[in-house]
Amino acid sequence: MLKNKKYILYITVILISVIIFISMVYIQLNLFNIQKKRISSNLVQKNNIINPINTTLISDEIGIKYKKGNNWRIVIQKINVNAPILEGTTKEILRRGVGHFETTSRWNGNICLAAHNQGYKYNYFQEIKNLEMGDIITYITEKGTKKYEVIKNETIKETDLSCIKNTNENIITLITCEENKREYRRCVRGKEI
């Protein structure tokens, strides 16, 4: 009987030791992953890019610097925007960059882009309300670089989808929320030059 109690006590001590060991390993792995995410997040914020893996700086034909591997971008020098463009306009995409309306063109016609203007880590379109006629928007893709001159900066109703319709003319349309007016959107339109 005493032998059985000692045997049960040894097994219990061993099981508790194994559980503690596994818990310590689990905690260390989680701490490592958290630290890794922080470093990655800091790189993203510091370099203003989505994918920090390839951070070689390159310049396009007009001298705008961006990260190699992130060559779908929008640059608006007047308001210090140099942002990656991602396909789609879901909440997750707009948390990481400028979103492209999937139903619109990526090269010719009406290129429509959206981004946050306040309340998020990346508020790339925060200052588009300050763009004026004649300001330049640069659109960079793997196909090349296009420049657009702002021709319109207006407030539209949230339900007005005419701004994302395709056009024969090469234009770029930027859309964001209108500050403190939930039912309205800021719409900036540029014409290719």
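These are my notebook entries on one protein chain and its model.

**Entry 1: confidence**

The model is predicted. I looked up the mean pLDDT of the protein chain and found 82. I also noted that 78% of the residues reach 70 or more.

Which elements mark the two ends of the scale? Strand 1, residues 57-59, has the lowest mean pLDDT, at 41. Strand 6, residues 110-114, has the highest, at 97. I then checked residues 40-67 and found pLDDT below 50 there. Beyond near neighbours in sequence, that stretch still has 56 contacts in the model.

**Entry 2: elements**

Next I listed the secondary structure. I got 2 helices and 10 strands for the protein chain. I wrote down their order from the N terminus: α-β-β-β-β-α-β-β-β-β-β-β.

**Entry 3: the barrel**

How many strands make up the closed barrel? I found 8 strands, in the order 3-4-5-6-9-10-8-7. The pairing is mixed. From one strand to the next, the twist averages 30°.

I reminded myself how such pairing works. Strands of a sheet are held together by backbone hydrogen bonds, in parallel or antiparallel fashion.

Then I picked out one pair. Strand 7 covers residues 136-141, and strand 8 covers residues 144-157. I saw that the two run antiparallel, joined by 6 bridges. Across this pair, I found Glu149 of strand 8 opposite Ile136.

**Entry 4: rings**

I searched for aromatic pairs and found 1 in the structure. Why do I call the pair of Tyr122 and Tyr124 stacked? Their ring centres are 5.6 Å apart and their planes meet at 5°, so the pair counts as stacked. An angle under 30 degrees is what stacking requires here. Buried or exposed, I asked of Tyr122 and Tyr124? Both are buried.

**Entry 5: charges over rings**

I looked for charged side chains over rings. Arg106 lies over the face of Trp72, 3.6 Å from the ring centre. I also noted Lys146, whose charged end sits over the ring of Trp107. Here the distance to the ring centre is 4.3 Å.

**Entry 6: the whole chain**

Last, I took in the chain overall. It has 193 residues, and 36% of them are buried. I also looked up contacts between residues at least 6 apart in sequence. Of these, 53% join residues at least 24 apart.

Note on methods
Residues are numbered from 1 along each chain as its sequence is written. This is a predicted model: local features need pLDDT of at least 70, side-chain atom pairs count only at pLDDT 80 or more; totals for chains, interfaces and linings use all residues. Side-chain values use heavy atoms; hydrogens and water are left out. Two strands pair if DSSP finds at least two bridges between them. Helices (H or I, at least four residues) and strands (E, at least two) are DSSP runs, numbered from the N terminus. Axes are lines fitted to C-alpha atoms, for helices over the stretch in contact, and angles run from 0 to 180 degrees between N-to-C directions. Rings of Phe, Tyr and Trp (its six-membered ring) pair if their centres lie within 6.5 Å; planes under 30 degrees apart count as stacked, over 60 as edge-to-face and the rest as tilted. Buried means under 20% relative accessible area, exposed over 50%, partly exposed in between (1.4 Å probe, protein chains only). A charge sits over a ring if NZ of Lys or CZ of Arg is within 6 Å of the ring centre and within 35 degrees of the ring normal. pLDDT is the predictor's confidence in each residue, from 0 to 100. Contact means heavy atoms within 4.5 Å.
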